[in-house]
Amino acid sequence: MIKIDPQSAQSAALATQFKAAPFGPYSADLQKLLQLLRWGFVRGRTIIICTKPYKEWRLGRMAPRRGLPVEVSEREVFTDYGAAAWACFRARWQEVVGQPCPVK
Amino acid sequence: MSERILGYSDRLSALPGDAVNFKISAPMPGKFKARLVRLICGDDSPEGPGFKSKNVDSEIDGTYPARHQPILAGSYMWVTARQPFDLPNFTVQAMIWPTLPGNGKPQAILGNYDAANGSGYALYIDELVCLAFRAGKNPPVSTGVKMLARHWYEVYAVYDSGTGRVVVGHNMMLTYHGMPGSVSETQMLAEPMGEGGRFLIAAWNDDKFASAHFNGKIDGPRVSGRALKPAEIERLRDLPLDVELAQYVVAAWDFSRGMSTVKVTDVSGNRYHGRSINLPTRAMTGWNWDSSDFNWQSKPEHYGAIHFHDDDLYDCGWRTDFTLTVPADLGSGVYCVHVWQKTPEGKIEDYIPFFVRPARGTATAPLALLIPTASYLAYANQQMISSWWFDELSSCKFATMSSVDQYLEEHEGFGLSVYDEHSDGSGVCYSSHLRPILNMRPKTDLWQFNADTHLTDWLEKKKIPYDVITDDDLHAEGVDCLRPYRCVMTGTHPEYYSKAMLDALQAYTNGGGRLMYMGANGFYWRIAYHAGLPGVIEHRRAEDGMRAWFSESGEYFMSFTGEMSGLWARNGRPPNMLVGNAFAAQGFVESVPYHRTPESQDPRVSFMFEGIGADEVIGDFGTVGGGAAGWEIDRADTRLGTPPHALIVAAATDFPDSYHWVNEEMNHTHSAVNGDTNPRVRCDMMFFETPNGGAVFSTGSISYGGSLAHDGYKNNVSRLTENVVKRFVDPTPF
Ligand SMILES: [Fe+2]
């Protein structure tokens with residue numbers, strides 16, 4: 001199985017590709033990378049919370065089980081869904097790979 | 001996040017003269033306001049037609065006292081017959097299959113314990129995941145041995161008042177190396193047990209409420225009026241009861257009796273019958289199921305288990321705040337009761353939808369919009385973001401919570417959809433509308449109910465008269481409720497069908513009716529309505545199909561009716577037989593346009609393309625993914641029953657890799673399963689004539705409706721649809 005090497009130039013290029021077009025089309029390599037970032041339950045991982053319909057998004061996280069408040073990040077407010085998706089990509093990279101995404 | 005004003009009605013479909021009772025929970029103290037509106041369009045997205053409603057004066061307009069109405073989720077069984085069991089010595093026992101031991105809460109198996117005053121007794125799984133017995137204010141007696149999820153155990157507690165001795169133990173049905181199969185613990189009770197409350201199975205009392213809900217299956221619970229020995233307990237597993245021991249048995253419930261009901265039968269002869277609360281799942285394989293039969297009707301003795309869940313919910317049972325008697329002149333259509341309250345930040349509001357039909361047996365328009373209420377129920381309060389481990393892999397997006405998603409995640413107890421898993425990971429088989437359904441609302445995601453308002457919006461804009469009827473009516477009345485109409489238009493995603501509903505539509509098209517199938521992935525899953533309980537459907541994710549979860553082996557047959565659930569295609573009735581099309585693929589990143597085919601030049605369909613150029617691309621626009629073909633798409637296949645004379649008049653094939661092929665066509669895994677590599681990931685728009693002068697038009701796409709309003713409703717999707725409606729309401733036979 002492939003592993004994401006956060007040091008490699010290819011990983012950085014794929015992250016850059018996602019940043020440029022968060023809703024695709026994706027290259028086959030980026031699709032594979034996204035599959036690694038998206039495998040499994042999202043509970044406990046960074047997700048996107050729409051805080052004003054069609055207008056405003058933040059990053060957030062579900063608690064360990066249903067019935068508890070969703071943690072909604074106050075740090076950044078996105079008025080563009082693509083920008084929220086990119087921020088989520090970077091946060092998820094950190095969670096799955098264990099190191100920061102090389103692309104800011 | 002802020003509180004919501006919530007509500008529901010006791011019926012979704014109403015005839016003139018029917019009384020519709022509305023039940024509201026309003027969080028702000030004081031009053032709330034209510035009025036009736038006719039809903040035209042619920043799409044409030046920036047690119048969409050905008051939210052549109054018309055106020056309608058009615059008897060319910062006004063101000064009402066606000067009150068909080070609670071939801072009490074969690075299923076259990078209550079022995080209603082009489083106050084049981086005042087036994088000096090006793091044995092309680094059951095076979096159990098716990099599914100969520102270790103959820104941090106006690107989970108009661110059976111007894112009359114009342115946590116509110118610490119009296120009575122209960123056999124339960126404790127917070128340390130061990131079988132335990134508690135009685136009165138005595139310290140609990142625990143085996144001290146952790147139990148495994150999804151394993152069958154025999155569990156028991158034996159009490160002897162002469163000695164004050166309690167023995168608590170379990171026997172594993174499947175044993176492992178190094179793990180004792182049978183364990184027990186003996187202790188003396190110093191204090192009296194006290195009177196206790198109701199005798200419950202799968203919960204204990206908390207004053208008049210139930211708590212400590214059990215998650216998992218319980219089979220063959222027994223109460224005996226004697227301190228039995230371990231070997232005697234084992235002899236009482238089976239029915240009929242051991243002849244020698246039967247004299248000591250006070251109650252023996254056979255959960256395989258009355259499978260389709262909420263009644264629970266005591267077969268001891270002492271008539272300690274009970275009823276189930278909140279619809280725990282019945283027709284579940286029992287401890288003794290051995291795959292010798294897969295249908296509970298032919299071997300009920302293998303289906304003696306009920307699966308209880310702490311998040312089961314059937315009927316909130318709220319009190320009525322106001323009643324609307326549907327006026328004779330209201331007009332058929334989609335209506336909502338709009339309720340709202342002022343808050344310090346502004347206003348909270350809800351729109352509670354219901355559907356008004358014309359008077360029974362009459363039509364006020366040649367066209368009927370068939371509202372897919374069964375499919376709305378299937379999705380009611382879905383929480384796929386937390387239920388689906390593959391949610392992002394399926395959608396090809398990072399999970400994005402709407403305010404509805406967030407509210408349901410934060411507030412347990414609203415009940416789940418058949419897309420969800422219970423807290424214990426088992427699939428949800430029942431869904432009712434006797435609860436607030438937060439996603440069956442205008443101003444929500446464009447899916448099911450709200451997406452279907454693209455159709456009402458378009459019909460109103462085009463001044464095409466229409467009546468509405470619902471799945472509930474179609475199921476109850478069959479083809480009779482369609483007969484007054486020349487043409488029936490479906491919703492965008494009429495996915496869940498009972499046999500009565502499918503028979504009715506097939507009889508309608510075979511009898512010369514015209515059907516406009518305005519969506520995709522329709523007529524796909526087989527469901528059942530309950531014969532006695534209102535407002536609830538059942539479904540099993542049997543065998544195959546794009547399943548949110550798997551039904552367990554042996555659990556493909558529905559408890560309500562005994563029918564096998566799963567795909568209609570696996571029940572000998574692929575959707576192709578009715579509408580020519582069947583579910584081919586889904587993807588939720590973008591939609592694409594259709595292209596006309598040479599078959600679209602056939603004179604049989606010239607009416608359809610009036611005003612549309614021969615090479616015109618159809619639907620390269622829309623609010624649902626930016627195209628008319630997308631989200632979920634259907635494909636023709638004569639092998640599956642597409643009529644041989646069907647004309648595929650347009651097709652969309654340019655789907656990206658975010659479109660995933662349906663798995664029921666994939667007999668074997670391989671890598672060509674996406675839109676960019678799989679030729680079966682396609683969307684067919686189709687027309688065919690039916691016997692007796694009828695016809696079917698199939699869009700094959702869920703996103704189609706989202707294209708109708710584009711460019712001020714002047715576009716080729718709108719034009720084509722209007723052409724079809726005009727011809728389909730024309731009585732001239734095809
Ligand atoms: Fe669906």
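## Aromatic contacts and the iron site

At 6% relative accessibility, B:Phe414 counts as buried, where buried means under 20% relative accessible area, exposed over 50% and partly exposed in between, with a 1.4 Å probe and protein chains only. This is a predicted model, in which local features need pLDDT of at least 70, side-chain atom pairs count only at pLDDT 80 or more, and totals for chains, interfaces and linings use all residues. Residues are numbered from 1 along each chain as its sequence is written, chains are lettered from A and ligands numbered from 1 in the order in which they are written, and side-chain values use heavy atoms, without hydrogens and water.

Over all chains there are 53 aromatic pairs. Rings of Phe, Tyr and Trp (its six-membered ring) pair if their centres lie within 6.5 Å; planes under 30 degrees apart count as stacked, over 60 as edge-to-face and the rest as tilted. Two of the pairs are tabulated.

| Pair | Centre to centre | Angle between planes | Class |
|---|---|---|---|
| B:Phe199 and B:Trp253 | 5.7 Å | 25 degrees | stacked |
| B:Tyr407 and B:Phe414 | 5.7 Å | 75 degrees | edge-to-face |

B:Phe199 lies in the loop between β15 (182–188) and β16 (200–201) of chain B, and B:Trp253 in strand β20 (residues 249–254), 54 residues apart. Strands (E, at least two residues) and helices (H or I, at least four) are DSSP runs numbered from the N terminus. Both B:Phe199 and B:Trp253 are buried. B:Tyr407 is also buried, with a relative accessible area of 2%.

The iron ion is coordinated by B:Tyr379 (OH), B:His493 (NE2) and B:Glu495 (OE) at 1.9 to 2.1 Å. Donors are N, O and S atoms within 2.8 Å of the metal (3.2 Å for Na, K and Ca); water is not among the atoms, so sites may look incomplete. Along the chain the donors follow the spacing Y-x113-H-x1-E. B:Tyr379 sits in the loop between α2 (373–378) and α3 (384–387) of chain B and B:Glu495 in the loop between β32 (487–489) and β33 (496–497), so the pair ties together parts 116 residues apart in sequence. B:Tyr379 and B:Glu495 are buried.

B:Tyr379 also belongs to an aromatic cluster whose members include A:Trp39, B:Trp388 and B:Trp389. A:Trp39 is placed in the loop between α2 (28–38) and β1 (46–52) of chain A and is exposed, with a relative accessible area of 54%.

Charges also sit over rings, meaning that NZ of Lys or CZ of Arg is within 6 Å of the ring centre and within 35 degrees of the ring normal. The charged end of B:Lys443 is 4.5 Å from the ring centre of B:Phe51, and B:Arg727 lies over the face of B:Phe734 at 3.8 Å from the ring centre.
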